[in-house]
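This is a short walk through one structure, taken element by element. Please keep the sequence and the model side by side while reading.

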Amino acid sequence: MNGLGHQDDAPQAPDHPIEVLEIAPTAPEGAWVYASCGAWQTPSRGQPLAEFLLVSLNSSELHVETVYDVVALHADNSGPLRLYDTVDLGRPWQPGSACDHLLVAPPYIVDEGAGEFEIFGLALSLLWLIPITASEAEFANHHGGYLLGEEIAEADVGVFQADRPSVR
């Protein structure tokens with residue numbers, strides 16, 4: 001389990017700053033996407049180069065800060081974030097939410113295989129930050145994040161909703 005730093009701690013490459021893109025929904029009922037851009041430049045220590053995305057039903061500066069914090073944690077000396085790791089936010093991901101952790105997962109919300117791509121000859125992984133509760137994080141830390149991801153997918157809960165119920 002990992003904890004977050006602050007947006008100011010996000011690593012910066014001299015010529016290519018790391019940014020977080022806020023992508024508005026294309027339909028009124030659509031979701032907002034917050035995607036890192038440049039996180040792949042951070043040290044990977046044998047792990048695939050990665051970018052991160054967070055999806056929400058509302059626009060918020062808090063989501064931008066969360067993605068910056070995850071990128072800073074990913075570049076931290078404790079090592080890069082890996083698929084199915086959990087991250088302790090230390091706060092709800094949105095006001096009023098019981099989800100105060102994140103699960104690092106493949107982006108199964110998009111077509112299979114979309115989480116792996118190549119750019120400029122570099123293999124990159126797109127990692128989805130799924131908001132989870134403390135009890136879900138505890139389960140993932142003891143039994144594996146993959147199993148939690150499967151339970152969340154099978155439960156068909158609204159992972160973008162601030163008030164979604166816990167599957168654990």
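A residue is called buried here when its relative accessible area is under 20%. The model is predicted, and the values below are computed from it.

Start at helix 1, which covers residues 61-75. From the first C-alpha to the last, this 15-residue helix reaches 22 Å, close to the 21 Å expected at 1.5 Å a residue. At its N-terminal end, helix 1 is capped by S60, with a side-chain oxygen of S60 lying 3.0 Å from the backbone nitrogen of L62. The buried residues of helix 1 are H63, V64, T66, V67, Y68, D69, V70, V71, A72, L73, H74 and A75. Because twelve of its 15 residues are buried, helix 1 is largely enclosed by the rest of the structure.

Next comes a pair of helices. Two packed helices are described by the angle between their axes and the distance between the axes. For helix 2 (residues 134-143) and helix 3 (residues 145-155), the axes come within 6 Å and cross at roughly 135 degrees. The two helices, helix 2 and helix 3, are therefore oblique to each other. On the helix 2 side the contact involves E136, F139, A140 and H143, which meet G145, L147, L148 and E151 of helix 3. Sorted by class, this contact holds four nonpolar, two polar and two charged residues.

Notes
Residues numbered from 1 in each chain as written. Predicted model: local features only at pLDDT ≥ 70, side-chain atom pairs only at ≥ 80, totals over all residues. Heavy atoms only, no water. Helix = DSSP H or I, 4+ residues; strand = E, 2+ residues; numbered from the N terminus. Expected span 1.5 Å × (residues − 1). Buried < 20%, exposed > 50% of the residue type's maximum accessible area, 1.4 Å probe, protein only. Polar contact = N/O pair within 3.5 Å; in protein donor to acceptor, adjacent residues only side chain to side chain. Axes fitted to C-alpha atoms, helices over the stretch in contact; angles between N-to-C directions. Parallel < 35°, antiparallel > 145°, perpendicular 65-115°, else oblique. Contact = heavy atoms within 4.5 Å. Nonpolar A, V, L, I, M, F, W, Y, C, P; charged D, E, K, R; others polar.
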